[in-house]
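Please keep the sequence and the model side by side while reading.

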Amino acid sequence: MVQRTVLKVDISCQKCKTKVLKAVSTLEGVDTIEADQGKGTLTVTGNADPYEIILRTRKTGKHAEVVSIGPPPAPPKQGGQKKEEEKKPENKKPEEKKTEQKAPIYDPCTCPQCQPVLLMPMPMPVPLYRCDEPNPSCSIM
């Protein structure tokens, strides 16, 4: 039985998105996968078990919250579109184009969860030899 599983997942960068998509796409029975970064949702349609989808998503390190599980939406009817076009009056004044405010540009690799943690190497202790001592005449034997 084909069903649609919608999960709420924190997809904050492109790397997170590809990691989740790769993990879920390997499941058997998955027909389509849609990831929406703006809404933070992952929609999977197919015969795959929703429990397995949730497990695979959580194995990537992302917290997955179930939004809905159910039948996929019915495909839109082609006949309905033609009727809507006929109803529109043709003598209407042309509408002014509204300027859309675009989202601020950000670096897709800025996700703090995906950035590698740089570990600083520990400095090697330098052994002190007798000739390296600051005051060689006061050495203790």
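Two strands are said to pair if DSSP finds at least two bridges between them. Helices (H or I, at least four residues) and strands (E, at least two) are themselves DSSP runs, numbered from the N terminus. The model is a predicted one, in which local features need pLDDT of at least 70 and side-chain atom pairs count only at pLDDT 80 or more, while totals for chains, interfaces and linings use all residues. Residues are numbered from 1 along each chain as its sequence is written, and side-chain values use heavy atoms, with hydrogens and water left out.

The protein chain has three helices and four strands. Read from the N terminus, these elements follow the order β-α-β-β-α-β-α. What does strand E1 pair with? E1 and E3 pair in the antiparallel sense over six bridges, and Lys 8 stands opposite Thr 41 in E3. E1 and E4 also pair in the antiparallel sense, over six bridges; here Val 9 is opposite Ala 64 in E4.

Some cut-offs are needed for the next part. Buried means under 20% relative accessible area, exposed means over 50%, and partly exposed lies in between (1.4 Å probe, protein chains only). Accessible areas come from the Shrake-Rupley method with a 1.4 Å probe, and for residues only the protein chains shown count as cover. Contact means heavy atoms within 4.5 Å.

By these criteria, 22% of the 141 residues in the protein chain are buried. The chain exposes about 12300 Å², of which carbon and sulfur atoms supply 57%. Among contacts between residues at least 6 apart in sequence, 68% join residues at least 24 apart. Strand E1 is mostly covered, with five of its seven residues buried.

In soluble globular proteins, nonpolar side chains tend to be buried together. A nonpolar core is taken here as a set of buried Ala, Val, Leu, Ile, Met, Phe, Trp, Tyr and Cys residues joined through side-chain atoms within 4.5 Å. The largest such core has 13 residues, and those touching the most other members are Leu 7, Val 9, Val 24, Leu 42, Val 44 and Ile 53. E1, H1, E3 and H2 are the elements that give two or more residues to this core. Leaving aside neighbours within four places in sequence, Leu 42 is in contact with a list of residues that includes Leu 7, Val 9, Val 20, Val 24, Ile 33 and Thr 57.

Helix H2 (residues 50-59) has Pro 50, Ile 53, Ile 54 and Thr 57 buried. These residues are on the same side of H2 because they cover an arc of only 95° around the axis, the arc being that of the directions from the helix axis to the C-beta atoms. The buried residues of H2 pack against strand E1 (3-9), helix H1 (14-25), strand E3 (41-46) and strand E4 (64-70). The face turned away from the buried side carries the exposed residues Tyr 51 and Lys 59. After H2 comes Gly 61, with a positive phi near 95°.

Gly 40 is in the loop between strand E2 (30-36) and E3, and counts as buried at 9% relative accessibility. Beyond its neighbours within four places in sequence, Gly 40 is in contact with Leu 7, Lys 8 and Val 9. Pro 72 is in the loop between E4 and helix H3 (79-87) and is partly exposed, with a relative accessible area of 31%. Pro 72 and Arg 4 are 68 residues apart in sequence, yet their C-alpha atoms are 5.0 Å apart. Not counting residues up to four places away in sequence, Pro 72 touches Val 2, Gln 3, Arg 4 and Thr 45.

Cys 111 is in the segment after H3 and is buried at 3% relative accessibility. Cys 111 and Ser 12 are 99 residues apart in sequence and 6.2 Å apart in space, C-alpha to C-alpha. With residues up to four places away in sequence not counted, Cys 111 touches Ser 12, Cys 13 and Cys 16. Cys 13 is buried at 1% relative accessibility, and Cys 16 is buried at 1%.

How many disulfides does the whole structure hold? A search finds zero, a disulfide being a pair of cysteine sulfur atoms within 2.5 Å. The closest cysteine sulfur to that of Cys 13 is in Cys 16, and at 3.3 Å it is too far for a bond.
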